[in-house]
Amino acid sequence: MTNGLSLSSVLPTPAKDVAVCVVGAGAIGHAVADAIRHDEVPGVHLTAVLCSRSTVAETEHALEASDLVVEAATVAAARELIPHVTRLGKDVVVCSAGVFAECADPEVLVDGPGRVLLPTGALGGFDILAAAARAGTADARLRHTTIKRPTALGVEEALTAPREVFRGSAREAALRFPKTSNSSVTLALATLGLDRVEVVVVADPAATETRHVLEWTSPVGRYELSFTNAVDPSSGGRTSAVTALSVLEVLAALARGVGPGVVVVEPAG
Ligand SMILES: NC(=O)C1=CN([C@@H]2O[C@H](COP(=O)(O)OP(=O)(O)OC[C@H]3O[C@@H](n4cnc5c(N)ncnc54)[C@H](O)[C@@H]3O)[C@@H](O)[C@H]2O)C=CC1
Ligand SMILES: O=C([O-])CC(=O)C(=O)O
């Protein structure tokens, strides 16, 4: 700063707005589309919102008109969309990250040159965990405990106390709870991989919010990160409201040319 340069003057500035198509008009898709419509993300504009009734022609037209696609639908939709969009050379922000639990190698779904970008979703702290993983993962351990209300997990039984309903790998969690373990998959892909992150799922009849606890141990440090998330009321108590906001962080980062979590100081005026 003393030499007259502000931090952002050395960052690349994208030449034009990023044109975004949102796939899925539920809790996340609706919130993301609304925020873009209301100009809450500078440098980004909305081309279309596709729903499950959209025709093939509407879908193709929307993809053609977009630079980037936000998938906020289902694992099944992500399974079809990822190879298709990446083959067109466009990036796709994927909320239904659980789709990667179906693949021995996540890269097989990505038929480039486009890329898949996974938002941190309902979690955070990936920066420090990925940094710690750089020191080596052989002696690292990571556990993700999710605590949600029983109906959000598909647990029909009337519980009177919290109950552990699952313990296994992130891959197994996503296959067992495809609608509520996407964040475990993203976390695993950012750190130790799908088969080495332990996931515990707890159904708590008293839960009014969703809790996620991450416990990391490795030679470089021990971290415990705890997230208590308000749920999006339109998601049946299932989806943490911050997930849509994390998608907006990815879009804002793309428009600015720097990753989420980086503090950018803009020039004055
Ligand atoms: N990465 C993360 O941290 C999180 C990921 N998720 C996942 O994100 C996805 C979206 O979540 P929500 O908005 O809460 O779900 P939602 O159920 O509220 O909305 C999904 C919408 O997608 C629509 N849809 C289904 N198939 C479609 C298709 N082929 N094309 C277009 N639309 C389609 C549905 O009709 C529905 O309106 C889900 O897979 C959910 O499990 C949810 C929370 C956190
Ligand atoms: O929204 C949340 O708290 C987490 C979730 O459903 C998921 O990871 O799929």
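1. Confidence. The structure is a predicted model, and its scores should be read before its details. The protein chain has an average pLDDT of 93, and 94% of the residues reach at least 70. For the model as a whole, the ipTM is 0.99 and the pTM is 0.94.

2. The start of the chain. Residues 1-13 call for separate mention, as their pLDDT stays under 50. Over this stretch the model has 15 contacts beyond four places in sequence.

3. The parallel sheet. Which strand order does the sheet with parallel pairing have? Five strands make up this open sheet, in the order β2-β1-β3-β4-β5. The edge positions belong to β2 and β5 (116-117), each of which has a single partner strand, so one side of each is left without a neighbour in the sheet.

4. Strand β1 and its partner β2. Strand β1 comprises residues 18-23 and strand β2 residues 44-50; the two run parallel and are joined by six bridges. Between them, the chain passes through helix α1 (residues 27-37) in a β-α-β crossover that is right-handed. Individual positions can be followed across this pairing: V20 has L46 in β2 as its bridge partner, and C21 stands opposite A48 in β2.

5. Strand β1 and its partner β3. Strand β3 (residues 68-71) also pairs with β1 in the parallel sense, here over four bridges. C21 stands opposite V69 in β3, while V22 stands opposite V70 in β3.

6. Helix α2 (residues 56-64) lies across β1, β2 and β3, and its direction is at about 170° to β2.

7. The mixed sheet. A further open sheet of five strands has the order β7-β8-β6-β9-β10, and its pairing is mixed. At its edges stand β7 (163-169) and β10 (221-229), each with a single partner strand, so one side of each is left without a neighbour in the sheet. From one strand to the next, the twist averages 10°.

8. Strand β8 (residues 197-203) and β7 pair in the antiparallel sense, over six bridges. One of the paired positions is R163, whose bridge partner in β8 is A203. Helix α6 (residues 182-190) lies across β6 (141-148), β8 and β9 (210-218), and runs at about 160° to β8.

9. Two backbone details in loops. Where does P113 lie, and what is the form of the peptide bond from G112 to P113? P113 is found in the loop between β4 and β5, and the bond from G112 to P113 is cis, with omega near 15°. A second detail concerns D39, in the loop between α1 and β2. D39 is not a glycine, yet it has a positive phi of about 60°.

10. Surroundings of ligand 2. The residues surrounding ligand 2 are G121, A122, T180, S181, N182, S183, T210, N229, R238, T239, S240 and T243. How do the residues of this shell divide into nonpolar, polar and charged? The shell has one nonpolar, 10 polar and one charged residue.

Notes:
Residues numbered from 1 in each chain as written. Chains lettered and ligands numbered in written order. Predicted model: local features only at pLDDT ≥ 70, side-chain atom pairs only at ≥ 80, totals over all residues. Near = placed C-beta within 6 Å. Nonpolar A, V, L, I, M, F, W, Y, C, P; charged D, E, K, R; others polar. Pairing = 2+ DSSP bridges. Right-handed = clockwise from strand over helix to strand, strands pointing away. Axes fitted to C-alpha atoms, helices over the stretch in contact; angles between N-to-C directions. Contact = placed C-beta atoms within 7 Å. pLDDT = per-residue confidence, 0-100.
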